[in-house]
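Biologist: Before we look at this model, I want each label tied to its cut-off. Can you take me through it?

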Amino acid sequence: MASNAADEEICTDLTADQLDFTMGYLNKHHSDLLTKFSLAFTELGREMKRKNGLSGGSFMVESAKMVHITREYMSIDVTVNERGKDKMLRRVTIDLDSDLHPSASQREYSVVKEKTPRCSENAVDDVMRRLIRLCQIVKQPEVTGKLIQLGIQIGGKATGRIEENLYLNNVPHNRLVRKYFYDMACRATLDAVILCSEGKLSNRMQITCLFPELNTAMDAYRVGTLLEMARALAITLAEQNLRVRVCVQGSMGVGIFTAIPKQLSGVATLLQRMDWQSGEGEENEGMVGTYVNFGGVGKEHVVNAGVDRRGNKIEQDDVFIIICPQSMVGQETSIYGPLSEMVAAAGDRPVILLNPDLTDKISSGGQQSVRGRSERIAFQNSFKSIYHFQCTYISGTSYFPIFGALGKFGPTEPWIAYHRRDRVNNGGEIYIPIVAGEDRPESEVVMKAAEI
């Protein structure tokens, strides 16, 4: 049966040059990693434990050398030194989706049961992400960032690459810098909505973008940047004929203690007054009011298809973007109630939270305290990150200089931690990947990798 072009692309392996470079790099710089692979994922580890059980050191792996790798498996030649015998060369084959060998001790290794999603577009990225998963299992996270760099060098689709010379320490940011982040978030959002429509991704999504102008903890915070990002996201989806409702929570509290979070003060009004280029003869003519609408947070702001009292057809909302939902200190100030009702009313339609803070704000009267906390935490964790960029700092109270960044640039992309480095002679700055994986890396792991 003839295969189509997509199938041929999926089956494509590394080119000869990519294969040689990959094996040469791993054999020269990470022979110890290959040794760990051979012991953790093959029968060799069981044999070593059994023979060393009676007499320690009687069976040792002296070296390991990769001789082949594809998108499915890798072959490693292992030199074994067994007491009383000549050195032996053993060839082992390891599936790139391997789990720990049954004989391997879970105290020595990590258990990563979730498989890495297949990347059909690029064999290099496919191979590197599977190697990264194996590195996490054998507790070698410091190698994962180097594998991301290797993939970029030999022809991957630049997964995890951050543009050079962003100079995020300089505020206000250049317009091109802002647009760089808007465009990345928009691409990730569109990919996520498509995956959601195909049933491959949950409809509960979140975008976190915390470069300095979007970080409310810094005096560089600029509400205009937040509004520009929300506008870019809404227009991107509306251009795909999706009806988008951009939502900002209203006042919360009781009596005279009614207010909205300081971060959102005036945002709902500014959002509607900003230039959407939606007027007659403009680029997005007629978009606002037809494909882009505004609302608050709560089930009453979810519009379903129907007919109004005059017999006019009502079009339902397709996607909801909720800007910075958060709780406040006080009575009846938890966002959990109205937000959870809104998500339930939306059904299977995408609900996207932009820079949310769903953590509890402990208040009087036992609100947002122990009672119901497990439900609130479960609700918070139900939103999956589809785009994440966050500058990282050495100290939690000092925001200069930027240490690095934490990123996830798409719904199926890996998490990557970066270290910012200055080039010599004021030649600019770059962000170097140092840790990568399918889960968000711990800060201790990132700091340790940065010291290497």
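Modeller: Start with handedness: a crossing is left-handed if the near helix is turned anticlockwise from the far one by less than a right angle, and right-handed if clockwise. Helices (H or I, at least four residues) and strands (E, at least two) are DSSP runs, numbered from the N terminus. By the handedness rule, α7 and α8 cross in a right-handed sense. The model is predicted, so local features need pLDDT of at least 70, side-chain atom pairs count only at pLDDT 80 or more, and totals for chains, interfaces and linings use all residues. Residues are numbered from 1 along each chain as its sequence is written, and side-chain values use heavy atoms, with hydrogens and water left out.

Biologist: What makes α7 oblique to α8?

Modeller: Helix α7 covers residues 175-197 and helix α8 residues 223-238; their axes come within 9 Å and cross at roughly 40°. That angle is what makes α7 oblique to α8. Axes are lines fitted to C-alpha atoms, for helices over the stretch in contact, with angles from 0 to 180 degrees between N-to-C directions.

Biologist: Which residues of α7 and α8 meet?

Modeller: From α7 come Arg178, Phe181, Tyr182, Ala185, Cys186, Thr189, Leu190 and Val193; from α8 come Thr225, Glu228, Met229, Ala232, Leu233, Thr236 and Leu237. Contact means heavy atoms within 4.5 Å. This set splits into 10 nonpolar, three polar and two charged residues. Nonpolar means Ala, Val, Leu, Ile, Met, Phe, Trp, Tyr, Cys and Pro; charged means Asp, Glu, Lys and Arg; the others, Gly among them, are polar.

Biologist: Now α2 and α3. What is their angle called, and why?

Modeller: The axes of α2 (residues 16-29) and α3 (residues 31-41) come within 5 Å and cross at roughly 95°. So α2 and α3 are roughly perpendicular to each other. Leu26, Asn27 and His29 in α2 meet Ser31, Asp32 and Leu34 in α3. That contact divides into two nonpolar, three polar and one charged residue.

Biologist: How do you know that arginine 91 and aspartate 77 form a salt bridge?

Modeller: Their side chains meet at 2.7 Å, N to O. The test is a side-chain nitrogen of Lys or Arg within 4 Å of a carboxyl oxygen of Asp or Glu. Arginine 91 lies in strand β3 and aspartate 77 in strand β2 (residues 73-82), so the bridge ties together parts 14 residues apart in sequence. At 56% relative accessibility, arginine 91 counts as exposed. At 13%, aspartate 77 counts as buried.

Biologist: What distance lets lysine 49 and glutamate 108 count as a salt bridge?

Modeller: The distance is 3.9 Å, N to O. Lysine 49 is in helix α4 (residues 43-54), and glutamate 108 is in the loop between β3 (88-95) and α5 (123-137), 59 residues apart. Lysine 49, at 41% relative accessibility, is partly exposed. Glutamate 108, at 43%, is also partly exposed.

Biologist: What separates aspartate 126 and arginine 130 along helix α5?

Modeller: About one helical turn, because the two are four residues apart in helix α5. Aspartate 126 and arginine 130 are both buried. Elsewhere, bridges with shared partners join Glu47, Lys51, Glu82, Lys85 and Arg90 into one network. The whole structure holds 25 salt bridges.

Notes. Angles under 35 degrees count as roughly parallel, over 145 as roughly antiparallel, 65 to 115 as roughly perpendicular and the rest as oblique. Buried means under 20% relative accessible area, exposed over 50%, partly exposed in between (1.4 Å probe, protein chains only).
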